[in-house]
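Me: I would like to learn how to read the features of a structure. Could you take me through them, one at a time?

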Amino acid sequence: DLQTGGWIVSSPAVAADGTVYVGSHDYSLYAVNSDGTLRGQYQTGDEIHSSPAISDGKVFFGSADGKFYCLDTQTGEECW
């Protein structure tokens with residue numbers, strides 16, 4: 001069981017490779033492998049209430065820090 005440091009209030013998004021993306025109130029977006037292990041974690045400046053969206057190998061989500069984020073699903077790095 002993967003646990004976050006805060007509540008999860010949004011719906012997850014599932015990429016074509018089976019990776020599940022979900023935001024948490026602990027200011028992080030989590031990428032979880034289909035076997036339940038942590039693939040990656042991306043820290044923002046505040047809670048994540050929005051459900052992520054996936055398109056063209058990128059995951060998009062907003063944070064309560066007032067920013068909209070884009071991450072590459074392969075590397076986990078910011079796109080912009």
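Reply: Start with accessibility. Buried means under 20% relative accessible area, exposed means over 50%, and partly exposed lies in between. Bear in mind that this is a predicted model.

Me: Let me try that on a residue. Is Arg-39 buried, partly exposed or exposed?

Reply: Arg-39 has a relative accessibility of 34%, so it counts as partly exposed.

Me: Next, charged pairs. How many salt bridges does a search of the whole structure find?

Reply: The general idea comes first. Side chains of opposite charge can pair when their charged atoms come close. Here, the search of the whole structure gives 1 salt bridge. It joins the side chains of Arg-39 and Asp-17, at 3.0 Å from N to O.

Me: Where in the chain do Arg-39 and Asp-17 sit?

Reply: They link distant parts of the chain, 22 residues apart. Arg-39 belongs to strand 4 (residues 38–43). Asp-17 is in the loop between strand 1 (13–14) and strand 2 (20–23). Asp-17 has a relative accessible area of 46%, so it is partly exposed.

Me: On to aromatic rings. How do I read the pair Phe-61 and Tyr-69?

Reply: A pair of aromatic rings is described by the distance of the centres and the angle of the planes. The whole structure has 6 aromatic pairs. In the pair of Phe-61 and Tyr-69, the ring centres are 5.2 Å apart and the planes meet at 10°, so the pair is stacked. The cut-off for stacked is under 30 degrees.

Me: Are Phe-61 and Tyr-69 buried or exposed?

Reply: Phe-61 is buried, at 1% relative accessibility. Tyr-69 is buried too, with a relative accessible area of 8%.

Me: Which residues form an aromatic cluster with Phe-61?

Reply: Tyr-42 and Tyr-69 do; with Phe-61 they form one aromatic cluster.

Me: Which strands supply the lining of the largest pocket, and what classes of residue are in it?

Reply: Strand 3 (28–32), strand 4 and strand 7 (68–72) each supply at least two residues. Strand 4 gives the largest share, 4 residues. By class, the lining has 7 nonpolar, 6 polar and 2 charged residues.

Me: What about cysteines? How many disulfides does the structure hold?

Reply: The structure holds 0 disulfides. Cys-70 is buried, at 1% relative accessibility. Cys-79 is partly exposed, with a relative accessible area of 28%.

Me: Last, the backbone. What is the phi of Tyr-27, and where does Tyr-27 lie?

Reply: Tyr-27 has a positive phi of about 75°, although it is not a glycine. Tyr-27 lies in the loop between strand 2 and strand 3. It is partly exposed, with a relative accessible area of 34%.

Me: And what is the phi of Asp-56?

Reply: Asp-56, not a glycine either, has a positive phi of about 50°. Look for Asp-56 in the loop between strand 5 (53–55) and strand 6 (58–62). Its relative accessibility is 72%, so Asp-56 counts as exposed.

Key: Residues are numbered from 1 along each chain as its sequence is written. This is a predicted model: local features need pLDDT of at least 70, side-chain atom pairs count only at pLDDT 80 or more; totals for chains, interfaces and linings use all residues. Side-chain values use heavy atoms; hydrogens and water are left out. A salt bridge is a side-chain nitrogen of Lys or Arg within 4 Å of a carboxyl oxygen of Asp or Glu. Buried means under 20% relative accessible area, exposed over 50%, partly exposed in between (1.4 Å probe, protein chains only). Rings of Phe, Tyr and Trp (its six-membered ring) pair if their centres lie within 6.5 Å; planes under 30 degrees apart count as stacked, over 60 as edge-to-face and the rest as tilted. Ala, Val, Leu, Ile, Met, Phe, Trp, Tyr, Cys and Pro count as nonpolar, Asp, Glu, Lys and Arg as charged, and the others, Gly among them, as polar. A disulfide is a pair of cysteine sulfur atoms within 2.5 Å.
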